[in-house]
Amino acid sequence: MTARTVIISGGGTGIGLATARCFDRDGDTTVLIGRRAEVVERAAAGLDHAVALPADLTDAAEVARAATAIADRFGTVDVLVHGAGGNGGLEPRPATEDRLAATAHDWALNFRTNTLSAVLLTEALRDRLASPGGRVLFLSSIAAYRGSGSPAYAASKAALHPYAYALAAALGPRGVTVNLVAPGYVDDTEFFGANMTPERRAARIDETMTGRAGAPGDVAETLHWLASHAAGHITAQTIQVNGGAERGH
């Protein structure tokens, strides 16, 4: 099988890095995109076929620069995985006690980080997607179905769904599929950070039918399969990976 070019945003840590490892095993070239240069460069150095491409995907000019670099070096994009995002926990909080200003900051931050970043990178690369055979994969969340402690985060993930469905309809005639994967609680990621107390973690596990937390590899292997030839007739779908904590709608 010919090696593919796989673009993974947020590929430096957690689920994104686990996904890169899946494709790396196949001999595919993975392009790891992230804001923190040292993180994506360290991740790429640990893989056999990876390239680091630091970029802030919430900045249209940065996305255009990254897309040009990808086009110049690789030409065609076979798989595009959107793993970048978060709940804003790594961002500095606004220096204000004004409740409305803080709310505006939180919602704008979440939509830039989780929604706009994915949309901009997709639009920059959509004409480069392999036709047929291209794959676009969005990382959603269980929060898109039932909310979370951060309504802004949940809404920003839910916003990916109608975009992905419209994209699937537009790209389907080219033989390109578009799907989402929605994880539940996953250990070994930066997402929960210090807020994940032992009690909260136990409560998340109790919600599952499998009796365990998710692992980055659970989500990564699902993304890897959706990018395979075997999943060529699956599009406009959301696959939930949460041990039964939330059932599909």
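Two strands count as paired if DSSP finds at least two bridges between them. Helices (H or I, at least four residues) and strands (E, at least two) are DSSP runs, numbered from the N terminus.

Some housekeeping. This is a predicted model, where local features need pLDDT of at least 70, side-chain atom pairs count only at pLDDT 80 or more, and totals for chains, interfaces and linings use all residues. Residues are numbered from 1 along each chain as its sequence is written, and side-chain values use heavy atoms, with hydrogens and water left out.

Let's start with the sheet. It is open and has 7 strands, in the order β3-β2-β1-β4-β5-β6-β7. The pairing is parallel. The edges are β3 and β7 (237-241), and each of these pairs on one side only. On average, neighbouring strands are turned by 20° against each other, direction ignored. For angles in this talk, axes are lines fitted to C-alpha atoms, for helices over the stretch in contact, and angles run from 0 to 180 degrees between N-to-C directions.

Now the individual pairings. Strand β1 covers residues 5-9 and pairs with β2 in the parallel sense, over 5 bridges. Here isoleucine 8 stands opposite leucine 32 in β2. β1 also pairs with β4, residues 79-82, again in the parallel sense, over 4 bridges. The bridge partner of serine 9 in β4 is histidine 82.

How does the chain get from β2 to β3? It crosses through helix α2, residues 37-45, and this β-α-β crossover is right-handed. Right-handed here means that, with the strands pointing away from the viewer, the path from the first strand over the helix to the second runs clockwise. β1, helix α1 (residues 14-25) and β2 also make a right-handed β-α-β unit.

Next, β2 itself. Is it enclosed or open? Of the 6 residues in β2 (residues 29-34), 5 are buried, so the strand is largely enclosed by the rest of the structure. Buried means under 20% relative accessible area, exposed means over 50%, and partly exposed lies in between (1.4 Å probe, protein chains only). Take threonine 30, which sits in β2. Its relative accessibility is 0%, so threonine 30 counts as buried. Which residues does threonine 30 touch, not counting those up to four places away in sequence? They are Val6, Ile8, Ala20, Phe23, Leu47, His49, Ala50 and Val51. Contact means heavy atoms within 4.5 Å.

Now helices on the sheet. α2 lies across β2 and β3, and runs at about 175° to β3. Helix α7, residues 160-171, packs on the sheet too, touching β5 (135-139), β6 (177-183) and β7. The direction of α7 makes about 155° with that of β6.

Then helix against helix. α1 and α9 (residues 216-226) pack at an angle of about 50°, with their axes 8 Å apart. That makes α1 oblique to α9. The cut-offs: under 35 degrees is roughly parallel, over 145 roughly antiparallel, 65 to 115 roughly perpendicular, and the rest oblique. Among the contact residues are Ile15 and Thr19 of α1, and Val219 and Leu223 of α9.

Stay with α9. Its buried residues are Pro216, Val219, Ala220, Thr222, Leu223, His224 and Leu226. What covers them includes α1, β4, β5, β6 and β7. Leucine 223 is buried, at 2% relative accessibility. It touches Ile15, Thr19, Val81, Leu137, Leu139 and Val181, leaving out residues up to four places away in sequence. Leucine 223 and leucine 137 are 86 residues apart in sequence, and 7.1 Å apart in space, C-alpha to C-alpha.

Threonine 58 is in the loop between β3 and α3 (60-74). At 26% relative accessibility, threonine 58 counts as partly exposed. Beyond its neighbours within four places in sequence, threonine 58 contacts Arg112, Thr113, Leu116, Ser117 and Leu120.

Proline 132 lies in the loop between α4 (99-125) and β5. A cis peptide bond joins serine 131 to proline 132, with omega about 5°.

Alanine 236 is in the loop between α9 and β7. Alanine 236 is not a glycine, yet its phi is positive, about 60°. With a relative accessible area of 29%, alanine 236 is partly exposed.
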